[in-house]
Every structure is written in structure tokens, then in C-alpha cells.
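Here is a short briefing on one protein model. Keep the sequence and the 3D view open as you read.

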Amino acid sequence: MLDTSLRTDDAGPSGTRPLNYVRFLRNPARYLLDRVAPLATEGLTPVSGRNGALLVARGQDAVKAFFTDEGAFERADGGIFSLPAGQGWSGMFDTVLTANGRDHRRRRKLIAPAFHRDLTDTYARVFEDTFRESRFADADAGTFDLVAECRRIARVNMLVCLLGLPPAPANLRLAADVTDLLNSMFNPSVILFRSFRTWTPYGRWARRVESAYRRLAALVERRREEPQQRDALSVLCHAVDEEGGKLTTPEIAAELHGLFAAGYETTASAMVWSALTCMSRPDLVPDDLDAVVKETLRMLPPVALSLPRRACRDVRLGGSALAPAGAVVFVSPLLEHRNPEVFADPHRFRPERWKDLRPLPYAFLPFGIGRRRCPGAGFADLQVRTTLRLLFERSGWQLRDTHIGFRTESGVILLPDRPLPVRRGRGLPLERITGPLAAVWQPVG
């Protein structure tokens, strides 16, 4: 996937190239904050000094070009996203989020009805029902893990709303298997030993992809024969574009995989960090909800870095480093949301800033931008806000451990690096939080 022979004229982070890439892959969020953030905030910055294989597009002009200039950037094909050709499941990673050009526009039009505002009330009722069945709504729940409960809530919501299935054990297993494909793909043994022999780590992982595909495809075929219902799968099965075209069964299965992969952990991440704020700031009131969500998404965006795209030709943005043809480029909301030219005092958690703040285009992008914005972004945002509103109504939660770190799940998603035990009780003020989170999220001041 990376041509490490490519060169650029920007020094970038110091250190040996192989070691820098290992550090980046081990914890992209930490590497970006520690090694890339102190460098120039405009143009293109190499992940490792003077190597053009992997670069970060920074600043509004570069971010705009990355998301909109299809003549300069296209999907980064191949590499860890490739699957054996000629199978129904060969395209399980070919989704609207990775498609280019005409295929991207076609898929986006056919997917849009699944997230139309007409379904908002239906989805919101599901979110409320799921919360009422959660441990947050149980007065006798005792101590439990905030991260695990937010994940369970997100998984049930997506199972019911996306697939139209009740949260029975077999259905939850299917949802877990689908959402785990992306995360398990980043296992080093899967990346390094890419042989389709059945006994290799990659071969075993590919069989899991095939198994998930077959179950999704069977569900799609059954749903095509039924009248349209108010869930995303049913809508996708019946969606027709202006030319009479429909999504094929492999395409729907891939889009469902993409929605689960892109939406499950990201939504759970946004829930965790927002709930953490609510529990730790007893001064917050329901009227603060909008500002709390936006500031949480700014400081700790669920997706630390975007899906990569490849430079189709030599590209120079902002007068800085050259992205040579073939270079893999990405954008980091984690860095963009800390740009002091856009967000004053960017390292402070200040929800009040959103009373008057209207970020310029391409400066605030927790779910992507424009045509490259996640099609389920509104779905995820509604899910987080509904859950937090109900959590606000049941105030009085206490963090049992103030040492909080973070890690990067599935290569891009920010989550705490350990369970966060919570229980009913008076909230702990955020100034008492210690650990790695304290170094990047300064809530008081």
C-alpha cells in the first residue's frame, strides 16, 4: 500500500523512517499529537521526514482539496483493503466512503433515503427504548464499565435501525462479527502475512469476511421479498435512482458492513467522551447539550484520521511539501480541530465557545466534509444527542477511576485504553483526571 521510495522536500518528524512508521501504526493519535502537531499547520506534512509515502493534509485549503479534488486524489486501492477477486464478498470494503467519481455519486444517491429525515422519529424512538433498557436507566445497576455500556447501546441501536432485527443473541453476534472485521484487519499478523492459504492469519480473516458476507447477503435477499419497512436495510433494498438502477446484493452487503464499521465504534466513542464530560461536570445543564457535543467532537473526534486517498499526480498544497504521484494522503480531524487560528485556546475544553463560534468551511469535520461526509453522520449525531439528553435527566453519576488514557481502535477511532467504571454518586471534577487524557484535554480554565 505504501511506496516508501517516494520522497518529499519537507523535513517532517525526525527519526528513522521504519521506526516512525511503526510508532504511527501502533498509536496514530498519539503520534500525530506528539510528532506531527508541532510542525506546520498548512499544506502537506510527511509522517516521516522527507519520505513522501504517507502525508497529512493540513489547513483548510489542503483539507478542501483532499475531499473535493478527484483529479488529484482518489481512493487508495489495494493494500490491506484488498480481497481475493471473483467472489461475491470481494467488494466488502467497496463502499460509498471509498468509491470514486461516478460510482461514488451513484451509491450516495441510493443510500441517502436510508437516512432521510422521514425516518428520524423512528430511529429516535429506538434510541430511547435502548437507553431505557440500559444500565444507565437501572437504579440498581451498581458499578459498571462506561465504555462497554456505550458500545452495547450503539450496537443495539445499529442492529435495530440498520438491519431491522431485534437484539436477540444470534442477531447481536452477527452485528459483532460484522463490526469486528475492520478492527481485526489491523492485526499485524493479518497485514504482514497476506496469503490466501486457509491456514494463514490472512486466510482465516478472509474466511470471516466471507462468513459475514453470506449472512448479510441472505438477509438482503429475504428483505427484498418483503414490503418496505422503516429500517435502513429495507430502504436500501427498495431504493431506485432516477435511471431505475438499484444496489446489487453485494453492494448492499458492503454498504451495511461499511455503515457498521464506520458507525459503531465512532458512535460509541462519541457517547463515551460526551458522557464522561456530563458525569464530570456537575455544573452542566440540559441547555448545554449542543455545545457539549460539539466541543467533545472537537477535542476528541471519534475518527482521529480519515480514510486514506492516493495522489493521482504530483500535488503541492499550500506551497509546502510535495505529494508525489502514488503518495497516500489523509486528513486528521484530531489536528485540524486544534488549529489555534480557528479555535482560540484549542487545548481547553470550553463548551461555551460554541455560543458564538461558527467555524469556517473545512475546519470542523468530525464526520467528514461535503460529498465525503459520512452518509450516516446525522444518524450518529441523533443517537449521541438522544442518549446524552436521557443521561442528563438521570444526573448523579460518578467516575470510579480518574486515570484515563486513550488508544486508537481499528486504526482510526479514539477510545479509552481501559474500562471506565462508573456508578451513581456525585461526579468527580475534571481537574482531578490524570493520565494521558489530561495532557490533551484540559477542561478547566
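Asp345 counts as partly exposed, at 39% relative accessibility. Here buried means under 20% relative accessible area, exposed means over 50%, and partly exposed is in between (1.4 Å probe, protein chains only). This is a predicted model: local features need pLDDT of at least 70, side-chain atom pairs count only at pLDDT 80 or more, and totals for chains, interfaces and linings use all residues. Residues are numbered from 1 along each chain as its sequence is written, and side-chain values use heavy atoms, with hydrogens and water left out.

**Positive phi in loops**

- Asp345 is not a glycine, yet its phi is positive, near 50°.
- Asp345 sits in the loop between α13 (333-336) and α14 (377-393).
- Helices (H or I, at least four residues) and strands (E, at least two) are DSSP runs, numbered from the N terminus.
- Arg50 also has a positive phi, near 60°, and is a residue other than glycine.
- The loop between β1 (43-46) and β2 (54-58) holds Arg50.
- Arg50 is partly exposed, with 46% relative accessible area.

**Nonpolar cores**

- A nonpolar core is a set of buried Ala, Val, Leu, Ile, Met, Phe, Trp, Tyr and Cys residues joined through side-chain atoms within 4.5 Å.
- The largest nonpolar core has 63 residues, and Phe136, Leu146 and Leu437 have the most contacts inside it.
- Helix α11 (residues 249-280) gives the most to this core: eight residues.
- A second, separate core has 52 residues, including Met92, Met158, Val209 and Val235.
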